[in-house]
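This report is for a reader who is new to the structure shown below. Please look through the sequence and the model before reading on.

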Amino acid sequence: MSLESLALIEEWPVPTAAAAVVRADGVVLGTHGPVNQPFALASVTKPLAAYAALVAYEEGAVELDEAAGPEGSTVRHLLAHTSGLAFDEHRVTAAPGLRRLYSNAGFEQLGDHIAKATEIPFGEYLKQAVLEPLGMTSTTLDGSPAKDAVSTVDDLVRFAAEVQAPRLLDPRTVAEAMTVQYPGTKGVLPGYGHQNPNDWGLGFEIRDSKSPHWTGSSSSPRTFGHFGQSGTFLWIDPDAGVACVALTDRAFGPWAVEVWPAFTDAVLAEVSGAA
């Protein structure tokens with residue numbers, strides 16, 4: 001089966017784009033563009049880093065509610081962007097748990113915490129815990145666990161299938177990752193303004209009733225995932241039973257705000273019609 005809706009990426013104002021849709025059973029419903037070309041993920045790095053953190057939790061290297069990051073913060077706070085750390089600076093701007101302060105610094109402190117607990121550099125831990133078991137041979141992380149991974153659509157399809165039907169983690173752990181942490185917390189969704197509430201799980205943003213949003217108007221409230229400032233996104237819609245990956249080489253901006261939701265709606269409509 002091939003999805004005609006994926007060809008909409010040809011109309012995006014970007015030099016290069018690639019996309020794919022995958023079901024929970026790992027069946028790829030369609031691809032378009034250079035799916036083996038490496039792209040900088042920017043913040044789509046975070047779900048990969050979060051998955052590695054959850055492996056560390058299941059291995060007993062860390063606990064979700066143990067101290068990590070600034071005073072009073074835990075691993076859970078860091079994963080849920082409620083540690084109080086600033087966006088890109090290692091300074092505290094709020095008490096833990098009070099506000100949803102989206103923070104690259106928080107994921108960097110999370111990576112440092114796991115590296116110390118496991119005695120393995122975080123990039124190497126991610127490779128051993130997630131990338132190698134899933135056959136993600138074209139994915140690398142050299143730098144910040146918040147934003148410095150490079151990957152391909154083909155590799156991220158493997159990850160999206162895993163999240164939908166976990167083999168590396170207990171399904172209950174993944175269910176927790178897609179469950180709102182610290183419900184009712186307000187905050188700014190980068191690129192989309194203030195959201196009340198600004199719901200997140202553990203390393204994954206949860207759509208719920210956010211408006212505006214980078215997914216589609218037909219995306220279920222349970223949709224979760226992440227987008228990146230490098231013009232990338234990964235969403236998983238449990239109600240539709242599919243995940244979608246799109247990678248580009250143009251920085252996120254008004255172009256993405258305009259075309260991504262319509263693209264997602266077209267994908268969901270075609271998948272629903274073919275079901």
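This is a predicted model: local features need pLDDT of at least 70, side-chain atom pairs count only at pLDDT 80 or more; totals for chains, interfaces and linings use all residues.

Strand 1 covers residues 17-23 and strand 2 covers residues 28-32. The two are joined by 4 bridges and pair in the antiparallel sense.

Strands of a sheet pair through hydrogen bonds of the backbone, in either a parallel or an antiparallel way.

Another part of the model holds an open sheet of 3 strands, in the order 3-5-4, with antiparallel pairing. Strand 3 (39-40) and strand 4 (140-141) are the edge strands; each has a single partner strand, so one side of each has no neighbour in the sheet.

Strand 5 spans residues 149-151 and runs antiparallel to strand 4, to which 2 bridges join it. Ala 149 in strand 5 is the bridge partner of Leu 141.

## Helix 5

Helix 5 consists of 12 residues, 153-164. From its first C-alpha to its last, helix 5 reaches 16 Å, close to the 16 Å expected at 1.5 Å a residue.

Helix 5 is largely enclosed by the rest of the structure, because 10 of its 12 residues are buried. Among the buried residues are Val 153, Leu 156, Val 157, Phe 159 and Val 163.

Note on methods:
Residues are numbered from 1 along each chain as its sequence is written. Side-chain values use heavy atoms; hydrogens and water are left out. The expected span of a helix is 1.5 Å times one less than its number of residues. Buried means under 20% relative accessible area, exposed over 50%, partly exposed in between (1.4 Å probe, protein chains only). Two strands pair if DSSP finds at least two bridges between them.
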